[in-house]
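Please keep the sequence and the three-dimensional view at hand while reading.

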Amino acid sequence: MWKVNLKDLIKERRRVIEGIYAPEFVELHTGTYKVLHGGFKVKMVLTYADNKVLLGGYARGYVERPCDRCLKLSEMYIDGIIEAVYTFEKKPLQKNEELKDLSNEILLVGDIIDLEERIVEGIVSSAPDVFVCSPDCKGLCPYCGADLNEEPEHKCKASEEKNIDPRFEILLKIKHTQEG
């Protein structure tokens, strides 16, 4: 489904491809995650013009990823942008020539264009480095690991003892003595 015959595309000039890209797992720069809800909805438009093939589209879907604050598995939405320019000839750059544009042209070899690499590239490049399950996630206690979302009034004795200014340590000892 994700392969296009180049000769057919040149005759048609334009082709729209829609479908579901459904791997079981996807490997992102932060780890490997399970793909949810049957996969990524993909829509791509290929256009042949000026002896080049222009590709644009999107890949949208969800993966299961742990929150970076509380470590609970949550659904992370990815809205991947797919872009590429395929060309029949690659222009070599001279040593002293500066790169004038960032067209990222891909050299066409053979009669088939495999679009799966572009889908994966769009997903990976659009995935966030840091993911939180919700904007108000409180995370974990840095001293004992308690989930602060489940225990909003959490008071960790380890944090009280470690955050005490050394000049006030005597007051902490008096407090413990009074508490019994």
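## A charge over a ring

A charge is said to sit over a ring if NZ of Lys or CZ of Arg is within 6 Å of the ring centre and within 35 degrees of the ring normal. In this predicted model, the charged end of Arg60 is placed over the ring of Tyr58, at 3.7 Å from the ring centre.

## Overall architecture

The chain contains four helices and eight strands. Read from the N terminus, its elements follow the order β-α-β-β-β-β-β-β-β-α-α-α.

Of the 180 residues in the chain, 31% are buried. The accessible surface amounts to about 12,200 Å², and carbon and sulfur atoms contribute 51% of this area. Among contacts with a separation of 6 or more, 55% are made by residues 24 or more positions apart.

Strand β4 (residues 31-49) and β5 run antiparallel and are joined by twelve bridges. Within this pairing, Tyr48 stands opposite Val53 of β5. The hairpin formed by β4 and β5 has two residues between the strands, and Asp50 in this hairpin adopts a positive phi near 50 degrees.

Strand β5 also pairs with β6, again in the antiparallel sense, and here the pairing extends over 15 bridges. Gly61 has Ile78 of β6 as its bridge partner. Six residues lie between the strands in the hairpin of β5 and β6, where Leu71 takes a positive phi near 70 degrees.

## Surroundings of Val53

Val53 belongs to strand β5. Its relative accessibility is 0%, so Val53 counts as buried. Leaving out residues up to four places away in sequence, Val53 touches Leu6, Leu9, Leu46, Thr47, Tyr48, Ala84, Val85, Tyr86, Leu108 and Ile113.

A further relation concerns Arg13: Val53 and Arg13 are 40 residues apart in sequence, while their C-alpha atoms are 9.1 Å apart in space.

## Aromatic pairs

How many aromatic pairs does a search of the whole structure find? The search finds two. One of them joins Trp2 and Tyr21, whose ring centres are 6.4 Å apart; their planes stand at 75 degrees, so the pair is edge-to-face. Because Trp2 lies in the segment before β1 (3-5) and Tyr21 in strand β2 (residues 14-21), the pair ties together parts that are 19 residues apart in sequence. Both Trp2 and Tyr21 are buried.

The other pair consists of Tyr62 and Tyr77, with ring centres 5.1 Å apart and planes at 50 degrees, so this pair is tilted. Tyr62 is in strand β5 (residues 52-66) and Tyr77 in strand β6 (residues 73-87), so the pair ties together parts that are 15 residues apart in sequence. Are these residues buried or partly exposed? Tyr62 has a relative accessible area of 31% and is partly exposed; Tyr77, at 41% relative accessibility, likewise counts as partly exposed.

## Contacts of Arg15

Arg15 is located in strand β2. Its side chain and that of Glu12 are joined by a polar contact of 2.7 Å. When neighbours within four places in sequence are set aside, Arg15 is in contact with Val4, Asp8, Leu9, Met44, Val45 and Leu46.

How values were computed
Residues are numbered from 1 along each chain as its sequence is written. This is a predicted model: local features need pLDDT of at least 70, side-chain atom pairs count only at pLDDT 80 or more; totals for chains, interfaces and linings use all residues. Side-chain values use heavy atoms; hydrogens and water are left out. Rings of Phe, Tyr and Trp (its six-membered ring) pair if their centres lie within 6.5 Å; planes under 30 degrees apart count as stacked, over 60 as edge-to-face and the rest as tilted. Buried means under 20% relative accessible area, exposed over 50%, partly exposed in between (1.4 Å probe, protein chains only). A polar contact is a pair of N or O atoms within 3.5 Å; within protein, one must be able to donate a hydrogen and the other to accept it, and residues adjacent in sequence count only if both atoms are side-chain atoms. Contact means heavy atoms within 4.5 Å. Accessible areas come from the Shrake-Rupley method with a 1.4 Å probe; for residues, only the protein chains shown count as cover. Two strands pair if DSSP finds at least two bridges between them.
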